[in-house]
Amino acid sequence: MAIDVLLLFKIAGVGIIVALMATILKQAGKDDQGQLVTLVGFLLVIMIVASLLGKFFGLVRTTFGM
Amino acid sequence: MFKLIGSLLILGVSSLLGFRVAAAYARRPTELRALQTALAVLTTEIEYGATPLPDALRQAGRAVGAPVCTLLTDAAGRMESGGGITGGEALQQALGRFAPESHLRPADLTVLQALVPVLGASDRRDQVRHLRLAVERLVGAEAQAADERQRYERMYKYVGVLSGLLVVLILY
């Protein structure tokens, strides 16, 4: 359980930092790079979430013996 | 413990990189302004003082700070050391050494390169005209550099620190 909370905070932190970075880049007129950073952050979070989901489905499968 | 030290190291390095890039943006306008001052002094020395070129270069170098000053005194030293090189050749060689030390763009350096065939090789009026033109082009470059500094200096600082933070957060 404790690991899950840490992971949640990690995802939140990535979100905050990526949002900040995208804003700053956009302010400096580098819109393309800002979008790229947002995309990379999104993919990172997706990767974390996907591995969590995989774990979850594995758990379900072992629980019901499928 | 090692994790903490490693994260601090990553954060420090990425911040340092960001600050260095930002510093380059901050120094370019300063150097361009110093070059303008130096060339203005050089123009005066040539136009009204009719000073010998090495002395005029030294005089101009004395009017400004570190990187530009070394360029001019270096050129003056090369002329005085004999070997029969012209003022233009001395400037060319000094520029070759100056380029990696300075934070100027190649476009800024071509303004100075344009002085190479002229300096100490034509009459006073022609040299003064070329120097004035160079100063004018430097003024334009400085305005552009100041604009870029205002836009990118802060951005690179923030991006450096934040990217370090991001890497630490992902790896932790």
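**The contact and chain B**

Modeller: The contact draws 11 residues from chain A and 10 residues from chain B, where two residues are in contact if their C-beta atoms, placed from the backbone, lie within 7 Å. On the side of chain A that touches chain B, helix α1 (residues 2-27) of chain A gives the most, with eight residues; helices are DSSP runs of H or I with at least four residues, strands runs of E with at least two, numbered from the N terminus. That side of chain A divides into eight nonpolar, two polar and one charged residue, counting Ala, Val, Leu, Ile, Met, Phe, Trp, Tyr, Cys and Pro as nonpolar, Asp, Glu, Lys and Arg as charged, and the others, Gly among them, as polar.

This is a predicted model, in which local features need pLDDT of at least 70 and side-chain atom pairs count only at pLDDT 80 or more, while totals for chains, interfaces and linings use all residues. Residues are numbered from 1 along each chain as its sequence is written, and chains are lettered from A and ligands numbered from 1 in the order in which they are written.

Chain B has six helices and zero strands, and its C-alpha trace spans about 70 × 35 × 20 Å along the principal axes. Within helix α1 (residues 2-49) of chain B lies L32(B), which, leaving out residues up to four places away in sequence, touches D108(B), L138(B), A141(B), E142(B) and A145(B).
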